[in-house]
Amino acid sequence: MNVKQRTIKAAVSVSGTGLHTGERVTMTFNPAPENHGFKFRRVDVEGQPVIDADVDNVTDTSRGTTLTQNGASVSTVEHVLAALVGLELDNVLIDLDGPETPIMDGSSMPFVDAIGKTGFTEQDADREYYHIPYNIHYTEPDRKVEMVAMPLDDYRFTCMVDYNSAVLGTQHASISTLSEFEKEIASSRTFCFLHELEMLLKHNLIKGGDLNNAIVVVDKEVNDDELLHLAKLFNREGIQVAPQGILNNIELRHQNEPARHKLLDMIGDLALVGVPLRGHIMAARPGHAANVAFAKKIKSLIKKERSRKHIKVYDPNTKPVYDTVQIMNILPHRPPMLLVDKIIELTKTHVVGVKGVTMNEPFFTGHFPGAPVMPGVLQIEAMAQTGGILVLNTVPDPENYLTLFLKIENARFKDKVLPGDTLIFRCDLVAPIRRGIAQMKGIGMVGEKIVVEAELMAQIVRYKEKEA
């Protein structure tokens, strides 16, 4: 049974302060159409630029994940994206009137609660998952980071954190399916070590921090004067070190809340792959930089697989639509310049032709006879002749016309074509033929591999008067 895409029923807003900028910001979640995905819109910037939640748009991972596109940026997106993924949404437009999402309490729960109140709408389009096909590994040996995505017909996470801290120790967190996110993960807040907090304060980087939105792990000896100094900075009284080794500003919601928050961050960062995933993600010592690098690796694999799916593997032994004799009734070319042996598919918009390459080809006499390679220009010529069949098929008496090629653009040669290869050309019209001008995209394949591609433009010209 296919799962349908989902969006939210109505717009809903939350307001808060950006953790690092300290700026007040209002963020509005809006319904979005099918196949829209997650996008941020900076409504405070001229032109209201839109920023796709895409790993290719990541520009910083130092203290959170920052996206930049169309001259605008949005920071600390991971908690918002984790909420959307955890609620199994597909299409949401997020408006912001500032450069950073509100930190709220440092978790995803305020976003989950707000979105939950408006409810969800099922859409007509099917949700298209990417199923992890085999184990995909990512490592950073110097940081002892290890990540792997494994095949599974669900979305499961296992996370381990270890900061060589006597206080924090080694922690694990996991969920076996996304339906557990809201109960088990969403409320887990961000954390930092006391030495990091002091560094951030020194560099004026957490203007929005108020000790209500982060767990502060005390990883060093602190005296009363230092605690008093922190209390003044955050306008609080009675700051102490709790028995668990954290500041007593907040109580832990889970014994392993830091590990659960790292898992939350992973879910948000991996949303930047751009498609819902099916697999088991296991990570040791993850962080934003590693999460993003891992997301890029997965997205790259998806792009490669999708490009392969667009390549149909043709059987060169298929009964031809036109054989060589019939081709010569349409094209004016003759051996040795007739470079198409047969046509195996022909519609109003595309054509597929076959060229068997043998050592008997006359061009091998002078073109690397000791290491024969079919010349690239002749590959383009063979592609052009195949396209000529498509173009001439649109006129009632094709034997009385020529196709004169006006332009060849973006020609690329991706691999050698050798004796014994069977070249299969496919040409597709990229626009309707107007005033006798045809524009085509052509590819040449040997088996499943594209060896040549080009964009072609041709004009149909009559060169014989129709016989009475």
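This is a predicted model: local features need pLDDT of at least 70, side-chain atom pairs count only at pLDDT 80 or more; totals for chains, interfaces and linings use all residues.

Colleague: Start with the second largest pocket. What volume does it have?

Modeller: The volume of the second largest pocket is about 650 Å³.

Colleague: How many residues line it, and which lie nearest its centre?

Modeller: The lining has 30 residues. Gly37, Asp90, Gly274, Val275 and Pro276 lie nearest the centre.

Colleague: Which strands and helix each supply at least two residues of that lining?

Modeller: Strand S4 (38-42), strand S10 (120-126), helix H6 and strand S18 (277-284) each do.

Colleague: And how does the lining split by class?

Modeller: There are 14 nonpolar, six polar and ten charged residues.

Colleague: New topic: His254. Where is it found?

Modeller: His254 sits in the loop between helix H5 (224-233) and helix H6 (257-270).

Colleague: Buried or exposed?

Modeller: His254 is buried, because its relative accessibility is 16% and the cut-off for buried is under 20%.

Colleague: Which residues does His254 touch, leaving out those up to four places away in sequence?

Modeller: Glu184, Ser187, Ser188 and Arg260. With Arg260 there is also a side-chain polar contact of 3.2 Å.

Colleague: Now Val50. Where is its place?

Modeller: Val50 belongs to strand S5 (residues 50-52). Its relative accessible area is 26%, so Val50 counts as partly exposed.

Colleague: What does Val50 touch, again without residues up to four places away in sequence?

Modeller: Lys39, Phe40, Arg41, Gln69 and Asn70. Phe40 is ten residues from Val50 along the chain, and their C-alpha atoms are separated by 5.7 Å.

Colleague: Where is Lys144 found?

Modeller: Lys144 lies in the loop between S12 and strand S13 (145-150). Its phi is positive too, about 60°, and Lys144 is not a glycine. At 55% relative accessibility, Lys144 counts as exposed.

Colleague: Why flag those?

Modeller: Most residues other than glycine have a negative phi, and most peptide bonds are trans.

Colleague: On peptide bonds, which residues does a cis one join?

Modeller: Pro335 and Pro336 are joined by a cis peptide bond, with omega about 5°. Pro336 is in the loop between helix H8 (324-328) and strand S19 (342-346).

Colleague: On to rings. How many aromatic pairs does the count come to?

Modeller: Four aromatic pairs. One of them is Tyr138 with Phe294: ring centres 6.5 Å apart, planes at 40°, so the pair is tilted.

Colleague: Which parts does that pair tie together?

Modeller: Tyr138 lies in strand S12 (residues 136-140) and Phe294 in helix H7 (residues 288-309), so the pair links parts that are 156 residues apart in sequence. Both Tyr138 and Phe294 are buried.

Colleague: What about Phe363 and Phe364: how far apart are the ring centres?

Modeller: Their centres are 4.7 Å apart, and the planes sit at 65°, so that pair is edge-to-face.

Colleague: Are those two buried or exposed?

Modeller: Phe363 counts as buried, at 13% relative accessibility. Phe364 counts as buried as well, at 2%.

Notes
Residues are numbered from 1 along each chain as its sequence is written. Side-chain values use heavy atoms; hydrogens and water are left out. Helices (H or I, at least four residues) and strands (E, at least two) are DSSP runs, numbered from the N terminus. Buried means under 20% relative accessible area, exposed over 50%, partly exposed in between (1.4 Å probe, protein chains only). A polar contact is a pair of N or O atoms within 3.5 Å; within protein, one must be able to donate a hydrogen and the other to accept it, and residues adjacent in sequence count only if both atoms are side-chain atoms. Contact means heavy atoms within 4.5 Å. On a 1 Å grid over the protein atoms alone, a cavity is a set of points where a 1.4 Å probe fits but cannot get out, and a pocket is an open set with protein on both sides within 12 Å along at least five of seven lines; lining residues have an atom within 4 Å of a point. Grid points are joined across faces, edges and corners, and a volume is the space filled by probe spheres set on the points. Ala, Val, Leu, Ile, Met, Phe, Trp, Tyr, Cys and Pro count as nonpolar, Asp, Glu, Lys and Arg as charged, and the others, Gly among them, as polar. Rings of Phe, Tyr and Trp (its six-membered ring) pair if their centres lie within 6.5 Å; planes under 30 degrees apart count as stacked, over 60 as edge-to-face and the rest as tilted.
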